[in-house]
Amino acid sequence: MKALKYIFWTFYNIWFYLLVLVFTILILFPSFFFVALNPKLFKSFSKIAVLWSDLVLFGMGMFPKIERKTQLTAESAYIFVANHVSMIDIMLMVSSIRTHPLVFIGKKELEKIPFFGYIYKKTMILVDRSSNESKRNVFLQTEKKLKEGISIVIFPEGTVPSLDVVLGPFKHGAFSIAIDHKTPVVPMTFLDNKKRFPWSYGGLLAGSKGSPGRLRVKIHDPIITKNMTRKDVNRLSNKVREIILSDLETS
């Protein structure tokens, strides 16, 4: 019985990479070239990204179940933050926040992922945490995107923690950006991603598992940062972490 599980997990993981590869080539690549020629088409590209995300999740037999506290204002930009546990986090984030064009801030190392990394590098904001110049550039790019009505996504843990960690410590970048740009922060919790498709980048021999099923997402009320200063970064970070941790511990 255990052998059958490992066979299923192996083919299930291979199927995921095939889906991402095929849909990236067929859907993201063609639309990406139009964005490269005219950056003003980014909002249209984001709609294509929603289709790409939906198809990957559907192909994996995963079905989002969204719980919203309130409806977000379509015309407003936000800073979305969530726990980071799986390679499907990006797809689920895009699929959940359908009405807002999104730009992810991620580690520069992500550009090394074949096919997807190239598009990620050209359409998202990558940061080299060892470079102060890179951090300043992130500030300028986020300011530009927010003024264009494009929301920002950051996974504040900075990396995917080990499977035995419920929620890793938060880095303060997301909250500094939110306060500096007076942009509301929206906490989000992915309740099932770790169980459905635990992080496996690095190869099937790393112990990859996974299974089809529902993906519960909690989208909380925006936290207003208009009257906050840099002195409030720790308090804001702790508040958001407590919200997400509470969801995970009571799910």
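The model is a predicted one, so to speak of local features takes a pLDDT of at least 70 and side-chain atom pairs count only at pLDDT 80 or more, while totals for chains, interfaces and linings use all residues. Numbering runs from 1 along each chain as its sequence is written, and side-chain values use heavy atoms, with hydrogens and water left out.

The protein has eight helices and seven strands, taken as DSSP runs (H or I, at least four residues, for helices; E, at least two, for strands) numbered from the N terminus. Its radius of gyration is 18 Å, close to the 18 Å from the globule rule for 251 residues, so the protein is as compact as a globular protein of that length; the radius is taken over C-alpha atoms, and the rule is 2.2 Å times the number of residues to the power 0.38. The C-alpha trace spans about 60 × 45 × 35 Å along its principal axes.

Now to His-84, which sits in the loop between strand 2 (79-82) and helix 3 (89-96). His-84 is buried, at 12% relative accessible area. Its side chain makes a polar contact of 2.6 Å with that of Asp-89 (a pair of N or O atoms within 3.5 Å; within protein, one must be able to donate a hydrogen and the other to accept it, and residues adjacent in sequence count only if both atoms are side-chain atoms). Beyond neighbours within four places in sequence, the contacts of His-84 (heavy atoms within 4.5 Å) include Phe-155, Glu-157 and Trp-199.

Conventions: Buried < 20%, exposed > 50% of the residue type's maximum accessible area, 1.4 Å probe, protein only.
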